[in-house]
Amino acid sequence: MSKLNLKIHREQLKWFLAMLLNERELFKILMNTKLVSDPDKLYSSSKHELLNRLTNAFFRESDIDEIVIEHLSQKAAKAISRVGYMVEDEIHTFFKSPGPLIESGEFAEVVWALLTDNREKVHTHGFHLLNTAYDTYNIPNVCNEQFRFVDNPTKPKAPSTQIQDIQTNYSDADQEAQIRIDDLKSNLELLESDYSELKEKFAAIEKKNKLLEQHCQFLTDENKKFKIRVNAFKDIEKKIVYLQQENDNFHKKEAQYTETETSLSKLDAEHQQLIKKYDQISLELNELSQIKTSKEAFSVELKLVEEAVYRQYQTYEEFKSNLQKQSENFEKSHELSRNALNNIRETVNQLNIQQEETIEVSEKETTQPRVGVFVDVQNMFYAAKDRFERRVDYIKLLDLIVGPRQLISAYAYIVQIPEIDQSNFFSLLEHNGYTIRSKDLRLRGDGSAKGDWDVGIAVDVVSMLSSLDVVILASGDGDFCPLAKLIKQQHKRIEVVAFEHNTSMDLQSMADQFFPIGEELLM
């Protein structure tokens, strides 16, 4: 077995070959090696004797390695193919212990496939399975089967041959005992190295488990964020459907306008033709006026023509009036669209306008409106991260939205993750005028997590409403619509500051003023 670089002693090899080969296969291998000068002696040999011959040949004759390896590889071809397609982790998982393999009768083929594999760890694992199985399941009588070929008569041994066999067995037993002691020492060293490797693997697995737990928490938070985005997308889809319907209506009106314009062109052409006819008739009337006898007939015909012209003219005027009405309707629709765009532009400039209005009010009044600011930090954080991969500058945010007005209180609501240290962030907010409201993220029994301040923010706003003139809510969550309605019922001003892409349309429409967060408030 030198070519496979196996550290295996004689009895262990004999035990393994006994499991892998039957008596006929042992006989065939010994015949192919041509190590036996008298083949008739093999017919009378037991499986135990055949195994002794083959095992001794392994440790004395290197020429038989290729023959035996080829025969064993052919017998274990399926197992070798199976192991070749598996990665190392799968091999250690499926072939963890020798017990199930021995029970299924696949042990010898699988171990041979592992031993012949080019990967060092796979080769080592096969050697480990072989040692473990030998120490645990070794049955002394496994090599003592007395099977004989039925097509050859049994030849009794001569006494001299029996004596030589006994002497050979004694000398072989001493050598095998020494080899087995050396093998046990090497096995002990291998076991110690395997134990240290297992300790290192266990430590690595513990680290990986902690990382997986953190990743699971992150995925839970991401799932909540995606749910919020899905709701926003649903609102956008509804708007898109509505706009598509409006667009279809405009296309229909445009088609009607085109048809009307075509009809008007036709009528105009007919009118021109009628005018030409009228001119011709006028010429004819001038000519016929000279003839007194046909004057009455000519007058009747002229009246009929004039009535026809008048009817055509009335029809033309009606079409013209309808066309003007439709044109006015289109102009009104265009004016509405243009006003909507102007309102959007005015919203962008509303901060500057608010400052100018505040300056004008301050000249007339000595007292400023009392302002309370309530910032949903979690909503702001994920909205800035999703769209811009940046963070909100809460210091600039507070200065910009309050302006020259009187700030009564500013609250920052934070959901704290135990694994993340946010003490520096808390100190920064408190130093710049914020009052911190924090709570820990709660884990449910099913593994999910919950953490929000919707109810807490609503309770604080309601409790402070009597001492405030303006409530500024820094969140785009549509769940605050009932709170905004309550504030307006109390004749207080509600202002919303949030990211436009992440803010509920209902909340925007209910707010007295909406401040969209742009690049100037990000860092």
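## Close-up views: sheet, helices, cores and loops

**View 1. Strands β2 and β3, side by side.** Ala 412 has Ile 436 of β3 as its bridge partner. The chain gets from β2 to β3 by way of helix α16 (residues 423–431), and this β-α-β crossover is right-handed. Right-handed here means that, with the strands pointing away from the viewer, the path from the first strand over the helix to the second runs clockwise. β2 pairs with β3 (residues 435–440) in the parallel sense, over six bridges. Two strands count as paired if DSSP finds at least two bridges between them. Helices (H or I, at least four residues) and strands (E, at least two) are DSSP runs numbered from the N terminus.

A word on the model before going on: it is a predicted one, so local features need pLDDT of at least 70 and side-chain atom pairs count only at pLDDT 80 or more, while totals for chains, interfaces and linings use all residues. Residues are numbered from 1 along each chain as its sequence is written, and side-chain values use heavy atoms, with hydrogens and water left out.

**View 2. On to strand β1.** β1 (residues 370–376) runs parallel to β2 (residues 406–416), and the pair is held together over seven bridges. Look for Gly 372, whose bridge partner in β2 is Ser 409.

View 3. Six strands make an open, parallel sheet in the order β3-β2-β1-β6-β7-β8. β3 and β8 (513–516) are the edge strands with a single partner each, so one side of each has no neighbour in the sheet. From one strand to the next, the twist averages 15 degrees. Helix α14 (residues 377–388) packs on the sheet and touches β1, β2, β6 and β7 (493–498), with its direction at about 60 degrees to that of β1. α16 packs on the sheet too, touching β2 and β3, and its direction makes about 170 degrees with that of β2. Axes are lines fitted to C-alpha atoms (for helices, over the stretch in contact), and angles run from 0 to 180 degrees between N-to-C directions.

**View 4. Inside the nonpolar cores.** The largest nonpolar core has 54 residues, and Val 373, Phe 374 and Tyr 394 touch the most other members. A second, separate core of 39 residues includes Ile 8, Ala 113, Leu 115 and Leu 129. A core is a set of buried Ala, Val, Leu, Ile, Met, Phe, Trp, Tyr and Cys residues joined through side-chain atoms within 4.5 Å. Zoom in on Val 373: leaving aside neighbours within four places in sequence, its contacts include Leu 398, Ile 401, Leu 407, Tyr 411 and Ile 472. Contact means heavy atoms within 4.5 Å.

**View 5. Ser 475, tucked into a loop.** Ser 475 sits between β6 (470–474) and α18 (481–489). With 0% relative accessibility, Ser 475 counts as buried. Buried means under 20% relative accessible area, exposed means over 50%, and partly exposed is in between (1.4 Å probe, protein chains only). Beyond four places in sequence, Ser 475 is in contact with residues including Asp 376, Asn 379, Met 380, Phe 480 and Leu 507.

View 6. Nine of the eleven residues in α1 (residues 10–20) are buried, so the helix is largely enclosed by the rest of the structure. Among the buried ones are Arg 10, Lys 14, Trp 15, Phe 16 and Leu 20. Ser 46 belongs to the loop between α3 (40–43) and α4 (47–60), and at 4% relative accessibility Ser 46 is buried. Ser 46 and Glu 23 are 23 residues apart in sequence, with their C-alpha atoms 7.9 Å apart.

View 7. Most residues other than glycine have a negative phi. Glu 389 lies in the loop between α14 and α15 (394–402) and, at 62% relative accessibility, counts as exposed. His 491 has a positive phi of about 60 degrees. His 491 is in the loop between α18 and β7, and counts as exposed at 76% relative accessibility.

View 8. pLDDT is the predictor's confidence in each residue, from 0 to 100. The protein averages 77, and 75% of the residues score at least 70. Across residues 139–170, pLDDT stays under 50, and the model has 31 contacts beyond four places in sequence for them. Residues 361–366 also stay under 50, with one such contact.
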